[in-house]
Amino acid sequence: MNQIEDLAPGVPAPTPRMGRRLHPWPLRIMHWVNAVVMLVMITSGWGIYDDDVIIRGFHFSKFWRLGDWAAWSLNWHFAGMWFLVNGLIYLTYGFVTGRFRQKLLPIRPAEVVQTVVDTLHFKIAHDDITVYNAVQKLLYIVVILAGVAQVITGLAIWKPVQFSGLVSLLGGFQTARVLHFVGMAVIVGFLVVHVALALLVPKTLWAMVAGGPRVTASSHAQDHHARQGDGA
């Protein structure tokens, strides 16, 4: 006989304990700090870039740059750099709690293709914001890798003498600059898509502000078994 049957008549059954929010408050704080830091690093980087362009004839408008000239942009860039430790905490949190494994894996090529096709046909089904589609998973993994690469190439550019071995490994100082520029372009592309999707599905944006729906451990388990069943 189960616990509910043991209850006396007329005594209401206990309600199941609600789980934690989809986005716990530490995650939300780190997310918004990362967002601000990324904007500071990108726009100040554009100011630095304009002082010695990589693509001849291509400059960033003063409107988009943080800093009136290269020296001020460098100051902003260095200031933002110290807050990148928040990104390290974010990565540690994601790996230690298993959030990355749960939310971003597995990624199946067929699902990526199908999601892209559906999106091109404006079939953006996002009723359940607790589950990422294949393209979202891929984008998050790409931007995480791009962020790590930015730190590595940024160190090589910042201290080319102290990190001369790293500079050589990257193919030289100028190559490190190009890789840093490409990494920036990847992150900017991610931000454009990320913001566009948030505007198309506003409840995802609000969830990152308020925490989103509560998710129980059982729902996580059911989602995990469902994914295993799909792969069978």
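**Exercise 1: the surface patch**

Work out which helices each supply at least two residues of the nonpolar patch, and find which residues form it.

*Solution.* Keep in mind that you're looking at a predicted model.

- Step 1: Start with the helices. α7 (134-158) and α9 (173-200) each give the nonpolar patch at least two residues.
- Step 2: Now pick out the members. On the surface, the patch is formed by Leu-138, Val-142, Val-178, Val-182 and Val-186. Together they have about 330 Å² of accessible area.
- Step 3: See who gives the largest share. That's α9, with 3 residues.
- Step 4: Zoom in on one member. Val-142 sits in helix α7, and its relative accessible area is 36%. Buried stops under 20% and exposed starts over 50%, so Val-142 is partly exposed.

**Exercise 2: the nonpolar core**

Find the residues that touch the most other members of the largest nonpolar core, then list what Ile-187 touches.

*Solution.*

- Step 1: The largest nonpolar core has 16 residues, and Phe-60 and Ile-187 touch the most other members.
- Step 2: Next, ask where the core comes from. α2 (25-51), α5 (99-104), α7 and α9 each supply at least two of its residues. The largest share, 5 residues, is from α9.
- Step 3: Go to Ile-187. Leaving out residues up to four places away in sequence, Ile-187 touches Met-38, Ile-42, Val-143, Ala-146, Gly-147 and Gln-150.
- Step 4: For background, nonpolar side chains in soluble globular proteins tend to be buried together.

**Exercise 3: a threonine in a helix**

Decide whether Thr-153 is buried or exposed, and find its side-chain polar partner.

*Solution.*

- Step 1: Locate Thr-153: it's in helix α7.
- Step 2: Check the accessibility. The cut-off for buried is under 20%, and Thr-153 has 5%, so it counts as buried.
- Step 3: Look for the partner. The side chains of Thr-153 and His-180 make a polar contact at 2.8 Å.
- Step 4: List the neighbours, again skipping residues up to four places away in sequence. Thr-153 touches Leu-170, Ala-176, Leu-179 and His-180.

**Exercise 4: the salt bridges**

Find how many salt bridges the structure holds, and say what the Asp-50 and Arg-65 pair ties together.

*Solution.*

- Step 1: Count them: there are 3 salt bridges.
- Step 2: Take Asp-50 and Arg-65, whose side chains meet at 3.0 Å, N to O. Asp-50 is in helix α2 and Arg-65 is in the loop between α2 and α3 (70-82), so this pair ties together parts 15 residues apart in sequence. Asp-50 counts as buried at 16% relative accessibility, while Arg-65 counts as partly exposed at 22%.
- Step 3: Move on to Asp-52 and Arg-177, with their closest N and O atoms 3.4 Å apart. This pair links distant parts of the chain, 125 residues apart: Asp-52 is in the loop between α2 and α3, and Arg-177 is in helix α9. Asp-52 is partly exposed at 45%, but Arg-177 is buried at 13%.
- Step 4: Finish with Arg-108 and Glu-111, where the closest N and O atoms are 3.1 Å apart. Arg-108 is partly exposed at 26%, and Glu-111 is partly exposed at 29%.

**Exercise 5: the whole chain**

Count the helices and strands of the chain, and say what share of its residues count as buried.

*Solution.*

- Step 1: The chain has 11 helices and 2 strands.
- Step 2: Of its 232 residues, 30% count as buried.

Key: Residues numbered from 1 in each chain as written. Predicted model: local features only at pLDDT ≥ 70, side-chain atom pairs only at ≥ 80, totals over all residues. Heavy atoms only, no water. Patch = residues over 30% accessible without salt bridge, like charges linked within 9 Å, V, L, I, M, F, W, Y side chains within 5 Å. Areas by Shrake-Rupley, 256 points an atom, 1.4 Å probe, with all protein chains shown as cover. Salt bridge = Lys/Arg side-chain N within 4 Å of Asp/Glu carboxyl O. Helix = DSSP H or I, 4+ residues; strand = E, 2+ residues; numbered from the N terminus. Buried < 20%, exposed > 50% of the residue type's maximum accessible area, 1.4 Å probe, protein only. Core = buried A, V, L, I, M, F, W, Y, C linked by side-chain atoms within 4.5 Å. Contact = heavy atoms within 4.5 Å. Polar contact = N/O pair within 3.5 Å; in protein donor to acceptor, adjacent residues only side chain to side chain.
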